[in-house]
Amino acid sequence: MTGAEDLLAETLHERVDHRDLPSTPVGDVVTRARRLQRRRRVRNGVVAAAVVVVLATPFVLDATQRPDTSPQPTDPSSSDANPHVLLKDVALGDPPAVAWIDGSDYVAADGTRTTLPLDHVTSATPYRGGFLVAVTGPDLGPRVVLLDSDLREVWRRCGQGTFAVSSGGLRTAYSTGGCRSPRLTLRLGATEVPASVSNPLSADERAQDLPTEQSIPVGVVGETVIAGALPGARSLVVDFVREPTPIRSLGEARSVDEELHLVAGQLAGHPNTAAVIDGGHHTVLWKRKGWALEDLSPDGSMVLGIEIGDGARGSGGFGVFDARTGEVLHQFGQLAGFQAQQTVWEDDQHLLSVTTEGSTQAVVRLTLDGAIERATETLPYVADSQDVALRFAPRP
Amino acid sequence: MTDFESWLVAREPALQRLALLLTGDEHSAQDLVQTSLAKLYLAWDRLDDRDNLDAYARRILVNEHRTAWRRPWRRREVVTDAPPDRAGPAIEYDGGREVVWEFVASLPPRQRAVIVLRYYEQLTEAEIAEVLGVSPGTVKSQASRAIAALRARLPEEQS
């Protein structure tokens, strides 16, 4: 090497070889992997054909009357017509009837708004008079923050930024830990505690240590929690008494119906194959390759899916399936330029989707035949940043 | 401890150092490493060639850096009250080396990656070409131009 090359090599080594760099917690890696996986699904959704345009346009232009939903499968016939609709031009309807996050505000399903004293809020749910809040930032892994009834910070811990709430809202599950260890602690506590308890925030919780990749609370069934898993791992049934039981047939669990004992997610070992299983016997009720399941409807009769193809390519369209049989009930794409970031059921006939378009974001309401209206005002959005200010909070 | 966790514990420091040379600051380096490791984690079960995990991880990291740099929001200037990170703890650079580092930091991402992979990671031109997905000729010309430009900045006795 020449003198310049030697000097270059020495400089590079001196620059970094003796620096004490902080290590990356396994938990942060796994959590980011989960975020990436979701974004990939969203990105697949971006290129969705505008098959809904023809159906949606009349309702976009006149959304004062919400169209009835059809019990018949919707014909996803494609159309060359692809009018460019701006999010701000979509008619504004009723506000969301589910709890949602608006920047740092927690907005309850009844519209009650609470401003949380935190930035970068990704999820929040009422807990023991205060709130459990998930926060993150560009250079920060997920943290779980407990706020008391005066919205004062009680503690802040590493953890999964996901909460699960039981049917009726009686119990709440969350995970903390993972900063320095590849294991997290899954916790299940009563959402409210009796007024006679002097310090409700320290009232008993059930706890179970779990591997990071199997520690995502997805649903609460009685006194047990269904913990979702990343690819390569199995979801678990955690009863906080015995060793957690792997659900052999299910890899990533995404949604749980407590009443019907249904669990929706991805087939074990086949991350591109959707499956719904009987939560009692863990038998596969149905499976469908090329789809990712998202959310069971409130009555448990339907499940929302996104077409992902082989994982790298897919139409990205939405599908609504019969939760017990897998029959396709509705199938539709997205308006050109519209990108669904998070989609949940509002009730058994409507979906809500945090949607970005150009430099705007808003919550959009979709009927099952693909018609849309806005449920919130539009907010600014930095294109491609994934940094949405609107999100949905856990639904009981 | 899973295979991934074992590999992470052993190899993550090397990735951190590489990321720091590519990005120039600790926060960006940590972010880059975390994203790269997350992508590796998602691909872990599909990787048959476990002997080349290091090379695969390095390729993810380098290309993630190049991709991230192209994203518009990455290049936004953020006004902050906080002082910038110090260049490094308790390391005294002589004048020549500071000039060299400033030169490296001024290079465009791909050329900087070529220099870091060649003179820090000690990869061959062919190996660098594979990591970056370019021809060995491109690697050679980018390195040559960088060295020539560096020589022009150095006093004669050092070049």
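R128(A) is buried in this predicted model, with 23 other C-beta atoms within 10 Å. Since the cut-off for burial is 20 or more such atoms, the count places R128(A) in that class. This arginine lies in the loop between β4 (121–127) and β5 (130–137) of chain A, and has a positive phi of about 55° although it is not a glycine. As background, most residues other than glycine have a negative phi.

H282(A) also has a positive phi, about 65°, without being a glycine. Its loop runs between β18 (273–278) and β19 (284–289) of chain A. H282(A) is partly exposed, with 16 other C-beta atoms within 10 Å. Here are the two residues side by side:

| Residue | Phi | Other C-beta atoms within 10 Å |
|---|---|---|
| R128(A) | about 55° | 23 |
| H282(A) | about 65° | 16 |

Four strands form an open, antiparallel sheet in the order β12-β13-β14-β15. β12 (216–221) and β15 (245–246) stand at its edges with a single partner strand each, so one side of each has no neighbour in the sheet. Five bridges join β12(A) to the antiparallel strand β13 (residues 224–228) of chain A, and P217(A) stands opposite A227(A) in β13(A).

Now to where the chains meet. The contact takes 43 residues from chain B and 35 residues from chain A. On the chain B side, the elements giving two or more residues include α1 (3–23), α4 (95–106) and α7 (136–153), while the largest share, 12 residues, comes from α2(B). That side of chain B divides into 24 nonpolar, nine polar and 10 charged residues.

How values were computed: Residues are numbered from 1 along each chain as its sequence is written. Chains are lettered from A and ligands numbered from 1 in the order in which they are written. This is a predicted model: local features need pLDDT of at least 70, side-chain atom pairs count only at pLDDT 80 or more; totals for chains, interfaces and linings use all residues. Two residues are in contact if their C-beta atoms, placed from the backbone, lie within 7 Å. Ala, Val, Leu, Ile, Met, Phe, Trp, Tyr, Cys and Pro count as nonpolar, Asp, Glu, Lys and Arg as charged, and the others, Gly among them, as polar. Two strands pair if DSSP finds at least two bridges between them. A residue is buried if 20 or more other C-beta atoms lie within 10 Å of its own, exposed if 12 or fewer, and partly exposed in between; C-beta atoms are placed from the backbone.
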